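Me: I would like to go through this structure term by term, asking what each label rests on. Please set the values against the definitions as you answer.

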Amino acid sequence: MGQGAGGIAMEGGALVEWDWWTVEFGDAHAGAVGVLIGGGEPGPVYFDVGSGPDIPSTKHWSAYDGRHRRPRAEALRAACACGWRGAAEYPLDWDAVGDRPLYEADVDLTGPLADWNAHLSLVRDKAAPLPEPLAALLVEVAEQLTATTEDAPLAALRAVGVLERIAARVGREAAGVLADGGVSAEAVATGLGTTRSKALMLLLTARDG
């Protein structure tokens, strides 16, 4: 699946620090540990850094530790950049955490991670399948590029440029066929495993191209 460490992505117009990310779905389905307080999701945590127009904030789960007048998380659950939230809730054992910051405590996150992976499995199952010959060819191209990078990095970069131009052209043509056929942004988003906004932008770009 290519799962790796998280990063920064957007959710509802706000910057969010995500815990998990995959090459397959990118930031469209970045995963995070969500926080619950009083049965709902709290707003971002702000940090007092003195005077100044910009006040740093975060929605990362480890910031909700009750220290320095910050809210304290009651339970955790899986969250995804697409808006999905896991049904299972995992209460935090504050007796075990004690006075330590959450980022220093050995909090078990296997439950939220497993729920997010299950969500990705459903997204993957609904996505348009690649024909087997094409899937095998893509794997072979990736392997050849990796091998070429070690022996001839400039040639690898040149090949990547060629692939980018091919992908851009074919992508416009494919999106144009979908747009002309009246395929909805929702259907495109499901087929690509991406968000509706990105699918809509793809279709609009094809119409303007």
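Reply: Let us begin with a definition: buried means under 20% relative accessible area, exposed over 50%, and partly exposed in between, with a 1.4 Å probe and protein chains only. The model is a predicted one, in which local features need pLDDT of at least 70 and side-chain atom pairs count only at pLDDT 80 or more, while totals for chains, interfaces and linings use all residues. Residues are numbered from 1 along each chain as its sequence is written, and side-chain values use heavy atoms, with hydrogens and water left out.

Me: Why is Cys82 called partly exposed?

Reply: Its relative accessible area is 35%, which lies between the limits of 20% and 50%, and therefore Cys82 is neither buried nor exposed.

Me: What makes Cys80 count as buried?

Reply: Cys80 has 0% relative accessibility, and because this is under 20%, the residue counts as buried.

Me: Why is Asp65 called buried, and which residues does Asp65 touch?

Reply: The relative accessibility of Asp65 is 5%, so this residue counts as buried. Asp65 sits in the loop between strand 7 (57-58) and strand 8, where strands (E, at least two residues) and helices (H or I, at least four) are DSSP runs numbered from the N terminus. Not counting residues up to four places away in sequence, Asp65 touches Arg70, Pro71, Arg72, Trp94, Pro101 and Leu102, contact meaning heavy atoms within 4.5 Å.

Me: What makes Thr22 buried, and where does Thr22 lie?

Reply: Thr22 lies in strand 4 (residues 20-22), and because its relative accessibility is 0%, Thr22 counts as buried. A polar atom of its side chain lies 3.2 Å from the backbone nitrogen of Phe25.

Me: At what angle do helix 3 and helix 4 pack?

Reply: Helix 3 (residues 132-151) and helix 4 (residues 153-180) pack at about 145 degrees, with their axes 6 Å apart; axes are lines fitted to C-alpha atoms, for helices over the stretch in contact, and angles run from 0 to 180 degrees between N-to-C directions. Among the residues that make the contact are Val141 and Leu145 of helix 3 and Ala159 and Leu163 of helix 4.

Technical notes:
Polar contact = N/O pair within 3.5 Å; in protein donor to acceptor, adjacent residues only side chain to side chain.
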